[in-house]
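This briefing covers overall shape, side-chain pairs, backbone angles and surface. Please read it alongside the coordinates.

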Amino acid sequence: MDIGKMIKFHRINQELSMNELSKRSSLAQSGLSEIESGKRQPTFDSLEKIITLGLNMTLSDFFSDTDKKYSYEIIQLINSVNNLSSEQIIQLSNFLKLLNG
């Protein structure tokens, strides 16, 4: 279980910036970045702040959330597509059809 990836998944899923999560959890943005990237493991106190204050989840929900609909990468794609114009979406759709043959 990669705690950093789980935090990042929930942060992106809730459309929170790293800055907003930092403010909510009262932790330095640089520290959160290191945790999300796996460069550092959070202390229990930090993890509790990130989950309960920053992500507004219970510890139980955070760790038992095995019913994830989308991976982090899929959420990023969805968010990117939401910013496209109608014409760009049509072009993307045509491109994907070509890729899938």
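**Salt bridges and other features**

Arg-24 and Glu-20 form a salt bridge, with their closest N and O atoms 3.3 Å apart. The two residues are 4 apart in helix H2, so about one helical turn separates them. The model is a predicted one, and the structure holds 3 salt bridges.

**Salt bridges**

- Arg-24 is partly exposed, with a relative accessible area of 34%, and Glu-20 is also partly exposed, at 31%.
- Glu-36 and Arg-11 meet through their side chains in a salt bridge with an N to O distance of 2.7 Å.
- This pair links distant parts of the chain: Glu-36 belongs to helix H3 (residues 29–36) and Arg-11 to helix H1, 25 residues apart.
- Both Glu-36 and Arg-11 are buried, which means that each has under 20% relative accessible area.
- Another salt bridge joins the side chains of Arg-40 and Glu-34, at 3.6 Å from N to O.
- Arg-40 has 38% relative accessibility and counts as partly exposed; Glu-34, at 32%, counts as partly exposed as well.

**Fold and overall dimensions**

- The protein has 7 helices and 0 strands, and its pattern along the sequence reads α-α-α-α-α-α-α.
- The radius of gyration is 16 Å, whereas a compact globule of 101 residues would have a value near 13 Å.
- The C-alpha trace spans about 50 × 25 × 25 Å along its principal axes.
- Of the 101 residues, 29% are buried.
- Among contacts between residues at least 6 apart in sequence, 57% join residues at least 24 apart.
- The accessible surface comes to about 6,900 Å², and carbon and sulfur atoms account for 51% of that area.

- The structure holds 1 aromatic pair.
- The ring centres of Phe-62 and Phe-63 are 5.0 Å apart and the ring planes stand at 85°, so the pair is edge-to-face.
- Phe-62 is buried, with a relative accessible area of 0%, while Phe-63 is partly exposed at 37% relative accessibility.
- Asp-61 is found in helix H5 (residues 59–64) and, at 43% relative accessibility, counts as partly exposed.
- The C-alpha atoms of Asp-61 and Ile-51 are separated by 9.4 Å, and the two residues are 10 apart along the chain.

**Positive phi angles**

- Most residues other than glycine have a negative phi.
- Glu-15 is not a glycine, yet its phi is positive, at about 55°.
- Glu-15 sits in the loop between helix H1 (3–13) and helix H2 (18–25), where its 64% relative accessibility makes it exposed.
- Asn-56, a residue other than glycine, has a positive phi near 55°.
- Asn-56 is placed in the loop between helix H4 (44–54) and H5, and it counts as exposed at 64% relative accessibility.

**Nonpolar surface patch**

- Ile-74, Leu-77 and Ile-78 make a nonpolar surface patch of about 250 Å².
- Ile-78 lies in helix H6 (residues 72–82).
- With 36% relative accessibility, Ile-78 counts as partly exposed.

Note on methods
Residues numbered from 1 in each chain as written. Predicted model: local features only at pLDDT ≥ 70, side-chain atom pairs only at ≥ 80, totals over all residues. Heavy atoms only, no water. Patch = residues over 30% accessible without salt bridge, like charges linked within 9 Å, V, L, I, M, F, W, Y side chains within 5 Å. Areas by Shrake-Rupley, 256 points an atom, 1.4 Å probe, with all protein chains shown as cover. Salt bridge = Lys/Arg side-chain N within 4 Å of Asp/Glu carboxyl O. Buried < 20%, exposed > 50% of the residue type's maximum accessible area, 1.4 Å probe, protein only. Rg over C-alpha atoms; globule rule 2.2 N^0.38 Å. Contact = heavy atoms within 4.5 Å. Phe/Tyr/Trp six-rings, centres within 6.5 Å; stacked < 30°, edge-to-face > 60°.
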